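Here are some exercises to work through with the model open beside you. Try each task before you read its solution.

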Amino acid sequence: MASYVLTRVRQSVVTLFLVSIVVFAGIRALPGDPALALAGEERSPEALAAIRSEYGLDDNIVVQYGRFIGHALQGDLGTSSRTGLPVSDAIAQALPVTLELAALSLLLAVVLGIGAGVVAAVRRGRPAEWIANALALLGLSVPTFWLGIVLVLAFAIAVPVFAASGFVPFGTDPLDNLRRMVLPSIVLGSGLAAVVMRQTRAAMLDSLSADYVRTARAKGLSRREVIGGHALRNSLVTVVTVLGLQLGHLISGAVVTEQIFVLPGFGKLTIDAVFTRDYATLQGVVLCTSFAYIFINLLVDVAYSVIDPRIRLGGAR
Amino acid sequence: MSTTAGCGSLQSSATEVGGERMTDDRPVRDGGTLTVALNADPDKLDPTLAQTLVGRTVFAGMCEKLYDVDAQGKVVPQLATALPKVSADGRTVTFDVRRDAEFSDGTKLDAAAVVTSLLRHRDLAGSARATELAPLKAVEATGTYGVKLTLKQPYVPLTAVLADRSGMVMSPTALKKYGKDFTNHPSCVGPFRFVERVGGDRIVLAKDTHYYDADTVHLDKVVYNPIPDGSVRLANLRSGDIQVGDQMVPVDVKSALTDSKLQLFNSPSLGYQGIGINVGNVKGLGQAPGRVDTPLARDARVREAFELSIDRDLINKVVFQGMYEPACGPVSPESALAPGVRASRCPKRDVARAKRLLKDAGVKTPVHIELKTSTTPEWSRIGQVVQAMAKDAGFAVTLRPTEYATMLEETDDGHYEAFNSGWSGRLDPDGNIASFLRTKGAMNAYGLSDAKIDALIERGRAEADPAERAKIYAELTRRANEARALIYLYRQKNYVVAGKDVAGVRVYGDGLIRVKDAGYAK
């Protein structure tokens, strides 16, 4: 197990290094001069030259990359060319927002998705399955932006139970934090809940018709033990895989949700950085997101082997 | 600047607003936090380096200037005690600064601080103020509170320049302590002091007890939130999560008017929006103009025909619900210094004449034009309207939506035929003309080069007599319109929506929201 994890960690480090090169080159391939984007309306040649010099934009790309990676290895992701704030500070401020949003959305998706999936499978052919299927279809089809605006109109304006925007850290005011996070979590989690529901339902249907479930029933185990202990446990491998893959989408999907609810998370930071050609922030954010993806994949692989000890990948046997 | 110009379409039982409305003077109570939504995250909070309009709005809360603009668009003293005294040859400018002002860090404002700030604005590498302060030869303190500026040549726009970020005075102690990191610890003289900034989320200011007029400041805190999407800004205004929404677009303003809990402030803007045409930019900004081989660039008659094919009133009606103003010149008709062309005097659409001009020019129709437009919904609609109108006269306009930074790069380099060109506007007419229309001007992406325009710009800068200046800018406008390197289309208005429980917010022609007198109505 330990050597398997070690191998996966080594692979992850190499992947991250390659990602850093792709990210660095990709950002510089974007059209639009960052000095121009920064200078905006008041772009005198002297100001542009000073901006290029200050942020090292007049050096060649290899020198720029060397400087970037050298600083990054020391934990310094540079300074935002737009705001003058350290990128690591901006990331440290944005990260908890996106993580909380992703965690709440994931919780919602797991509880609703697995619950509805199990019900739909167990109650096959009955109204409960139709309702679950209809809700899943709705969750997959409704555009995030539309759902966000509708929820704000309904629950922040018409019946002002929740806030329309903004973020308050949980530690500062837990109730206000939840008041602001519930609607974005629903918006972000609804699509994932639908996916999880469909996967759970399909996996459960397979499991329920499998021999081991029939055996369990024949042994006289209770309905609860058969569904929860046998069918669901085996179905979870598929669901965890889907959750792992979707978690990445959750983080990238947060871009739109954070725009609608004005949450100062990774998505908003990324969008702002793209439009202002804020290289340092963009690099920092994309690298951190890549790191998150790689780390989640690592966790999923490890989770496989915990849920089903028969699974061993990467020659760890 | 007029404060009562008619705009009946804004009449509404919900807002009881008619015409221009710059403030609400109901008495307010002390205390409370005001949250202002901006349409973008400001850039650096350093008056020397700052570039954005939204940044200017935040500065309006915490950094006073030597001079300010009043509701009529006139320059009035702020940290200076009176309008500057200018020597007969126009090369020496003197003024005194207030004796009772302190920076937010508790240190005193004096002439030495003004000298430090002006020299930093002029000389710091990357300063966005360097161009407008370039005529400044020397700055010196003539006493504890007296300042003397020596100019390389007479420079009349200076007072208006000092009524913007170039006139902001920063604490020398804070500058020395933080250096380049001043942006994260800005310290000026103002009703509010900087507390914290969370990038992309909020900038928090708190009432400054050091402020010389602190007794008249009512709010405890002002929070600025960047909310780029107009409909999200409006939803937050409706839910009460924010109290003031900056730079609202007409479609959202119309929607806000139906809400009895909201009110509207508006003022005319000093800027313009139009279509820039590449008439000579072949080597990039700041380089000598050359020959651009397109029908539009070659022949002014083709440009005139293009202009005559466009109906400015229709654009205003279709795209902006009639809530902006048609424009046909670089200077706003509301300018106190040199009023520009009134919207009613803009050329009307004349398709027959446009066709005749194209025939006289001997060009093959349809004349193909590629128009680069911003990726905003407004410019997408304007592009479509222009495309449809120009077709009637014999033009085939292709639209190329282009993202902002890419558009700047391509147009500055001269890689375009026509693009949407706009400017947020400056108080002095020179600020709306010189950089754009002068040969090799810092923002002359059109490649225009006209010796008479260049000479008029120089005369306008040096002429002290306001009546004579007005004549010079009228002549400049006429010549700019003849050259048609930039076809002015419309002038935005500053629309600010606020909760009805908020009073004292001021919205002037410079587009900034002033919160010094704001508070919650009693």
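Axes here are lines fitted to C-alpha atoms, for helices over the stretch in contact, and angles run from 0 to 180 degrees between N-to-C directions. Helices (H or I, at least four residues) and strands (E, at least two) are DSSP runs, numbered from the N terminus. This is a predicted model, in which local features need pLDDT of at least 70 and side-chain atom pairs count only at pLDDT 80 or more, while totals for chains, interfaces and linings use all residues. Residues are numbered from 1 along each chain as its sequence is written, chains are lettered from A and ligands numbered from 1 in the order in which they are written, and side-chain values use heavy atoms, with hydrogens and water left out.

**Exercise 1.** Describe how α13(B) and α14(B) pack.

Solution. Start with the geometry: α13 (residues 430–437) and α14 (residues 451–462) of chain B pack at about 145 degrees, and their axes are 10 Å apart. Next, find who meets whom (contact means heavy atoms within 4.5 Å). From α13(B) come Asp430(B), Ile433(B), Ala434(B) and Leu437(B), which meet Ile453(B), Asp454(B), Ile457(B) and Arg461(B) of α14(B).

**Exercise 2.** Characterise the interface of chain B and chain A.

Solution. First, count residues: 45 from chain B are in contact with 41 from chain A. Then take the area: the two chains bury about 3600 Å² between them, 51% of it on carbon and sulfur atoms (buried area is the accessible area, with a 1.4 Å probe, that two parts lose on being put together, summed over both). Finally, look for salt bridges (a side-chain nitrogen of Lys or Arg within 4 Å of a carboxyl oxygen of Asp or Glu). The rule finds two across this interface. Among them, Glu403(B) pairs with Arg277(A), with the closest N and O atoms 2.5 Å apart. On the chain B side, the elements that give two or more residues are β9 (192–198), α5 (230–239) and α12 (404–413).

**Exercise 3.** Where does Arg277(A) lie, and what is its phi?

Solution. Arg277(A) is in the loop between α11 (266–275) and α12 (279–307) of chain A. Its phi is near 50 degrees, a positive value in a residue other than glycine.

**Exercise 4.** Which parts of chain B does the pair Arg56(B) and Asp164(B) tie together?

Solution. Arg56(B) forms a salt bridge with Asp164(B), the closest N and O atoms being 3.1 Å apart. Arg56(B) sits in α1 (residues 53–62) and Asp164(B) in the loop between α3 (158–161) and α4 (172–178), so the pair links parts 108 residues apart in sequence.
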